[in-house]
Amino acid sequence: MSKWVYSFGDGTAEGRADMRNLLGGKGANLAEMSNIGLPVPPGFTITTEVCTYYYANGETYPASLKAEVEAALAQVEGTVGAKFGDPSNPLLVSVRSGARASMPGMMDTVLNLGLNEATTAGLAEHSGDARFAYDSYRRFIQMYSDVVLGVEHHLFEEGLEILKEDKGAILDTELDADDLKRLIADYKRIVEEELGRPFPEDPAEQLWGAVGAVFGSWNTARAVTYRRLHDIPEAWGTAVNVQAMVFGNMGDDCATGVAFTRDPSTGENVFYGEYLVNAQGEDVVAGIRTPQHLTIAGREKQGSSLPAMEETMPEVFGQLDEVRRTLEAHYRDMQDIEFTVQKQKLWMLQTRSGKRTSQAAIKIACDMVDEGLIDEATAVMRVEPQSLDQILHPRLDPDAERKVIARGLPASPGAASGVVVFTADEAEKLAQEGKHVMLVRVETSPEDIHGMHAAEGILTTRGGMTSHAAVVARGMGRPCVAGAGDIRVDYKAETFSIAGVTVKAGEWITIDGSTGEVIEGRVPTVDPVLSGDFARIMAWADEVRRLKVRANAETPEDVDTALKFGAEGVGLCRTEHMFFESDRIVAMREMILAADEAGRRHALNRILPMQRSDFVEIFTLMQGLPVTIRLLDPPLHEFLPRERAEFEEVAKATGVPVERVEARASQLHETNPMLGHRGCRLLISYPEVCEMQARAIFEAAVAVGEKTGAPPLAEVMIPLVGVKKELDLLKAVVDKAAKAVEAETGATLAYQVGTMIELPRAALTAGHIAETAEFFSFGTNDLTQTTYGLSRDDASGFLTHYEKRGVIEQDPFQTLDQEGVGELVRIAVERGRKTRPDIKLGICGEHGGDPASVGFCETVGLDYVSCSPFRVPIARLAAAQAAIRAKQRTRETVS
């Protein structure tokens, strides 16, 4: 028979900290604090399994739950010496949510439950303080009506403000018992007018109403959004904690507060928090009264004149400070705590692992290693890999004013300001004049690459988290907000508009690529500072990780950034980006417009030394580390313009009639180019392109080897292979070019030929393909597209609806779909290794920098992940955490 309710308090508990999946974080920690002897008001936890049952059974409860709740409530009554619903000596309780993952402020709480006209009069008599009793009752009506009955909160606030004006009062505490009785009558009238029924007087009805409201709050819009943003599964559910009330609003010897055992912003080992005298918990966070600092040092640092708790309640503060040390020593982590002081007695209401900035997480982890609280592996696990984005990019000054005019997807982190431009050419031109520019496009394409590089940031109205703009911006370390669909761009007028606001070319805007906000005007930023503690954490991570981490990079700047962040090779060098440079695009277009092979070879001969120069720079910087170079991937039409004026420019530059340019562009047009004539298909049609690129790679390798004495390891990657014969044909071209360069130079080349696995057929036939391929690199961006049959540039418009409706838990373009796409990866790994045991396996899609996806790569046994340069530290840390978890699983299996 299932047990649905677990009791705690009075120095003992039925639960423990390691039961958070069943009891939720709050319930598990209340039990743990009880077990270690801290002063915790008695209560009980209704488990998360009840929440699961509740939603699976038409919002009803298990048959035995009522009896278990009544028994647990009787136990609380016995401990406290008061009875629930007793008019002479009433027990009051709080009802709070508590999911297994911390969700601050996301779900509902009710305080002072059990009050009605009779119990309030009894509380007034028993406590000897009528004002306290009626203050508690009016708070209860207001909170219960809002949370459980659905009456708008502002209606009660208006009633309170009117009464304070009538009485000439500024603070709530200036109202006396008679004033509060009048307010209670007004509150009850509001409830009856809004609902057509009176406020419930029966304490049992109140209790079950609050329990239902907590379970209901698991699926409120704000909770659903929070779960989606923090990858919390809907199936986890929430627990409900029912606890005897202790009162911080009984007079000036009472207080309530929240605190962190260390500074959550900086990580400094100081007691950090606030409290209010004669108040209840919601007063601290509501901002109605100005909270006071716990410590004298905190008060002085903020220049506050209000006395600190250390001054007003020195004895209780000493007890609280001792609790702080006890909790840190027990949990071996920084804690976020809530407390109440009732008549100079301290009560602990909550402890949980405290939310902290990335900077603070790193410092706390390192300090706790130095203090002997945790080991280095635990320190590595304490830092969220994704949070490193906070310290790797500039961010908006938190104290600066800002006017948000639009929101899109947070496609590439960091913040930047610039004057608006609408074309890549204008971005490059103004940047060369020393101006800060913001490139605004409906969507970007490869021909915008020079403008994206010149811009401080990129804003698009279409596209998702893996759109061209997002992928390229992350690779460059540029902030990007993508898919801001409410913005309307008018290229002709050189303006964009949103909700009545029109921004013209040349006007300043700011974007925050970490939040997706678009802000009017110029907002100052704060540059990142990488501390010595950051280097320590990364060194510890590198000691334990198995996966190598490479970078997706094709410019010397990208490669240099990647190396500074600890990259161990280039996992994806996209050669097509090199063709869009202004001095090369003309030759590339000549090649496309050529009437025959001879004409194409003539143009390619002009491109060859440029490509060779690129590879020389990259090989030199990498100093013998492996470099995976993907041969030409996009369809040829992407290198041609779209507008008549641009056709004329191409015709003039290439010396061909404009009609021929237009005809060739029309000939190359495809209905679905991403599944069209691109990648290996294009190279098989034009093997001279493959030959030129291979020769450029090998000539660069020889030149760098002769100069440095350490020949680089080139990995030549053939894109979009779906049939082994495609790879066979192109490998023959590559090998022929290698032999020719060896014959011409007398050098011996070290290289491998492999393919990108980005089609389901390639994954399924990986064993066959591995007969030729010496390495696989999983291109999970396209593999996700082709597995789902989705366009990553268009899917963002409806995937959010899929997430809300529970069709998918996460955007598969951000976090690898392990069930579908991941299964194809598993198949390819198994079949590829069966054919070629020493085959090198990596991933080079955007998933290579996603922590959850990196964990999957560790599980399936890939050799490396590759990601954009600024995500290299994230991948290094995620790889280390995946290795630590794998060791933990192994130990658990053995034991």
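This is a predicted model: local features need pLDDT of at least 70, side-chain atom pairs count only at pLDDT 80 or more; totals for chains, interfaces and linings use all residues.

Me: How far is T256 from G754?

Reply: In sequence, T256 and G754 are 498 residues apart. In space, their C-alpha atoms are 64 Å apart.

Me: Zooming out, how many helices and strands does the protein have?

Reply: There are 35 helices and 34 strands. The radius of gyration is 32 Å, close to the 29 Å from the globule rule for 895 residues, so the protein is as compact as a globular protein of that length.

Me: What does the C-alpha trace span along its principal axes?

Reply: About 105 × 65 × 55 Å.

Me: What share of the residues is buried?

Reply: Buried residues account for 57% of the 895. The accessible surface comes to about 36400 Å², and carbon and sulfur atoms make up 49% of that.

Me: And the contacts, what share joins residues at least 24 apart?

Reply: If you take contacts between residues at least 6 apart in sequence, 67% of them join residues at least 24 apart.

Me: Switching to helix α19. How many of its residues are buried?

Reply: 9 of the 9 residues in α19 (residues 468–476) are buried, so the helix is largely enclosed by the rest of the structure. Among them are H468 and R474, along with A469, V471 and M476.

Me: What happens just after α19?

Reply: G477 comes there, with a positive phi of about 75°.

Me: Salt bridges next. How many are there in the whole structure?

Reply: A search of the whole structure turns up 57. One of them joins R299 to E311, with the closest N and O atoms 3.1 Å apart. That pair links distant parts of the chain: R299 is in helix α11 (residues 296–302) and E311 is in helix α12 (residues 309–312), 12 residues apart.

Me: Which of those two is buried?

Reply: R299 is, because its relative accessible area is 16%. E311 comes in at 37%, so E311 is partly exposed.

Me: Where do D735 and K731 lie?

Reply: Both are in helix α28 (residues 724–745), 4 residues apart, which is about one turn of the helix. D735 and K731 are both buried.

Me: What does R833 pair with?

Reply: R833 forms a salt bridge with D863, and the closest N and O atoms there are 3.6 Å apart. This pair also links distant parts of the chain, 30 residues apart, with R833 in helix α33 (residues 821–835) and D863 in the loop between α34 (851–860) and β34 (864–867). R833 has a relative accessible area of 26%, so R833 is partly exposed. D863 is at 26% as well, so D863 counts as partly exposed.

Me: Which residues are linked in a network of salt bridges?

Reply: D542, R545, K548, E568 and R876 are.

Me: D863 makes me think of K840. What is K840 in contact with?

Reply: Setting aside neighbours within four places in sequence, the contacts of K840 include D863, Y864, R550, Q752 and F776. The K840 side chain also makes a polar contact with the side chain of E715, at 2.5 Å. K840 itself is in strand β33, residues 840–843.

Me: Last one, the surface. Which residues form a nonpolar patch?

Reply: F798, Y802 and V807 do, with about 270 Å² of accessible area together. Y802 belongs to helix α32, residues 796–804. With a relative accessible area of 37%, Y802 is partly exposed.

Terms used:
Residues are numbered from 1 along each chain as its sequence is written. Side-chain values use heavy atoms; hydrogens and water are left out. Patches are made of residues with over 30% relative accessible area and no salt bridge: like charges are joined within 9 Å, nonpolar side chains (Val, Leu, Ile, Met, Phe, Trp, Tyr) within 5 Å. Accessible areas come from the Shrake-Rupley method with a 1.4 Å probe; for residues, only the protein chains shown count as cover. A salt bridge is a side-chain nitrogen of Lys or Arg within 4 Å of a carboxyl oxygen of Asp or Glu. Helices (H or I, at least four residues) and strands (E, at least two) are DSSP runs, numbered from the N terminus. Buried means under 20% relative accessible area, exposed over 50%, partly exposed in between (1.4 Å probe, protein chains only). The radius of gyration is taken over C-alpha atoms; the globule rule is 2.2 Å times the number of residues to the power 0.38. Contact means heavy atoms within 4.5 Å. A polar contact is a pair of N or O atoms within 3.5 Å; within protein, one must be able to donate a hydrogen and the other to accept it, and residues adjacent in sequence count only if both atoms are side-chain atoms.
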